[in-house]
Amino acid sequence: MNAPGKWICDGVPKDGKQYYSSGPHQDYENTGPDCVVCGLPREAMNPSLTQMSTTVAKTTMSQGSTPGWQKPLMLLGFLVIAVVAGLFAVEFARTDSRSETRDNPTENEAPLLLEKNYENTAYKFKLDYPKTWKLEKVERQIPMIKTTEVVKFLSPSEGAADTFEEVVTITIEEFSEPLTLDQYKDKALKEIEDFSSYTVEEKGYYRLRGDRPAYKIVYSGYNGQNNLKTMQVFTIKGGRQAYIITYAAEVAKYDKFAKEAEAIINSFELL
């Protein structure tokens, strides 16, 4: 049973009505009137009264017409089916978890101390970052793809031999037409996969500060000069903007600053 005010959507209407949506998706817990993944309203997840009454009538008729000697056998059959279904569900969950994660995998760990704050009232977001990281304001617009690189945070330099500084970048993309989180996720994955040298290592739904829904993709590959590993988390605002937080590092050094980078990402909040 869902908690009061919360409801689960899988993108498939249950009330017998037709809706415009992005289609089926993994179960997602919502708190608002519409699903943030596919756009379906809450009532679409409630079975219609007609469907419910039909189901009840069929169940009652079936119970009334079953001979008494068959009931123990039917009960045994149901138990066997339930056990087998449970085993398949466990195996499916194990298999699914290898390819796609849900929400923050480190949300139960003790948070890192982020001593400095950054707030951008023009682009309406804020976050925290370690004092050892360097803030660099960019505000570089790329009109062709309607994208603005707003700000970046550079990891501590490790000397002259450090040719690539690990970096967390905040970018905003404007949409020409409304997109849901699920639609933008599909678009982002396709763009990554179009680069044959890039390999998606991890993907899944995510939660930013304030329980804001987001999506996370981790991929790696050569960008022409360096063998990089990238963590990208994005969230949708009003169906018209994507706020993209990206951590990029050389593969060999990715883990060294990954926790600090993820702490910065988890502190991100829209104003």
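1. In this predicted model, 54% of the contacts between residues at least 6 apart in sequence join residues at least 24 apart. The secondary structure of the chain consists of four helices and 13 strands.

2. The chain has 271 residues, and 38% of them count as buried. Its accessible surface is about 16300 Å², with 56% belonging to carbon and sulfur atoms.

3. The structure holds 14 aromatic pairs. One of them joins Tyr 118 and Phe 153: the ring centres are 5.8 Å apart and the planes stand at 80°, so the pair is edge-to-face, since an angle over 60 degrees counts as such. Tyr 118 belongs to strand β4 (residues 116-120) and Phe 153 to strand β7 (residues 147-154), so the pair ties together parts 35 residues apart in sequence. Tyr 118 is buried, at 8% relative accessible area, and Phe 153 is buried too, at 0%.

4. Tyr 243 and Phe 268 form a tilted aromatic pair, with 6.0 Å from centre to centre and 50° between the planes. Tyr 243 lies in strand β12 (residues 241-250), while Phe 268 lies in the loop between α4 (254-267) and β13 (269-270); the pair therefore ties together parts 25 residues apart in sequence. Tyr 243 has a relative accessible area of 2% and is buried; Phe 268, at 1%, also counts as buried.

5. Ring pairs also link a cluster made up of Tyr 28, Phe 175, Tyr 184, Tyr 205, Tyr 215 and Phe 234.

6. A charge over a ring is found at Tyr 254: the charged end of Lys 229 sits over that ring, 4.5 Å from its centre.

Methods. Residues numbered from 1 in each chain as written. Predicted model: local features only at pLDDT ≥ 70, side-chain atom pairs only at ≥ 80, totals over all residues. Heavy atoms only, no water. Helix = DSSP H or I, 4+ residues; strand = E, 2+ residues; numbered from the N terminus. Buried < 20%, exposed > 50% of the residue type's maximum accessible area, 1.4 Å probe, protein only. Contact = heavy atoms within 4.5 Å. Areas by Shrake-Rupley, 256 points an atom, 1.4 Å probe, with all protein chains shown as cover. Phe/Tyr/Trp six-rings, centres within 6.5 Å; stacked < 30°, edge-to-face > 60°. Lys NZ or Arg CZ within 6 Å of the ring centre and 35° of its normal.
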